[in-house]
Amino acid sequence: RVLDADERHPDALFNIAVLQADFLDQRPEARVKFVRYLSLAPRNHPGREEAERYVREIPDPAAPAGPQ
């Protein structure tokens, strides 16, 4: 509901991304939300370090697979 009211709410983005990544098996969608969270959240936001870790660990679905 929070994202419906304010789609730029960093805490809501972070929480839904964790839910998608860890519980709903929606890791590509979660990565998109973590990237968005990182673009909106202040540098000192408490979830920033964890979000950066998720972005490093979840492959970018838009990136080409393997060396070509």
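# Packing of α2 against α4

The crossing of α2 and α4 is left-handed (the near helix is turned anticlockwise from the far one by less than a right angle). Both elements belong to a predicted model, in which local features need pLDDT of at least 70 and side-chain atom pairs pLDDT 80 or more, while totals for chains, interfaces and linings use all residues. Residues are numbered from 1 along each chain as its sequence is written, and side-chain values use heavy atoms, without hydrogens and water.

The axes of α2 and α4 lie 12 Å apart, and the two helices pack at an angle of about 40° (axes are fitted to C-alpha atoms over the stretch in contact, with angles from 0 to 180 degrees between N-to-C directions). On the α2 side, the contact is made by F14, V18, A21 and D22, and on the α4 side by E50, A51 and Y54 (heavy atoms within 4.5 Å).

# Overall architecture

The chain has four helices and zero strands (DSSP runs, H or I of at least four residues for helices and E of at least two for strands, numbered from the N terminus). Read from the N terminus, the order of elements is α-α-α-α.

Of the 68 residues of the chain, 31% count as buried (under 20% relative accessible area with a 1.4 Å probe, protein chains only). Among contacts in the chain with a separation of 6 or more, 41% come from residues 24 or more positions apart.

# Packing of α3 against α4

α3 and α4 pack at an angle of about 135°, and their axes are 9 Å apart. That angle makes α3 oblique to α4. The crossing of α3 and α4 is left-handed.

From α3, the residues R27, R31, F34, V35, Y37 and L38 take part in the contact. Their counterparts in α4 are R48, A51, E52, Y54, V55 and E57.

# Aromatic pairs and their cluster

A search of the whole structure finds three aromatic pairs (ring centres of Phe, Tyr or the six-membered ring of Trp within 6.5 Å; stacked under 30 degrees between planes, edge-to-face over 60, otherwise tilted). In one of them, the ring centres of F14 and Y37 are 5.4 Å apart and the planes stand at 50°, so this pair is tilted. F14 in helix α2 (residues 10-22) and Y37 in helix α3 (residues 27-40) are 23 residues apart, and their pairing links distant parts of the chain. Both F14 and Y37 are buried.

F34 and Y54 form a stacked aromatic pair, with 4.5 Å from centre to centre and 10° between the planes. Because F34 lies in helix α3 and Y54 in helix α4 (residues 48-57), the pair ties together parts that are 20 residues apart in sequence. Both F34 and Y54 are buried. F14, F34, Y37 and Y54 together form one aromatic cluster.

# The surroundings of L38

L38 lies in helix α3. This residue is buried, with a relative accessible area of 18%. When residues up to four places away in sequence are not counted, L38 touches R48, A51, E52 and V55.

The C-alpha atoms of L38 and F14 are 8.9 Å apart in space, and the two residues are 24 residues apart in sequence. F14 is one of the members of the aromatic cluster, and F14 is also among the α2 residues that make the contact with α4.

Note on methods
Buried < 20%, exposed > 50% of the residue type's maximum accessible area, 1.4 Å probe, protein only. Parallel < 35°, antiparallel > 145°, perpendicular 65-115°, else oblique.
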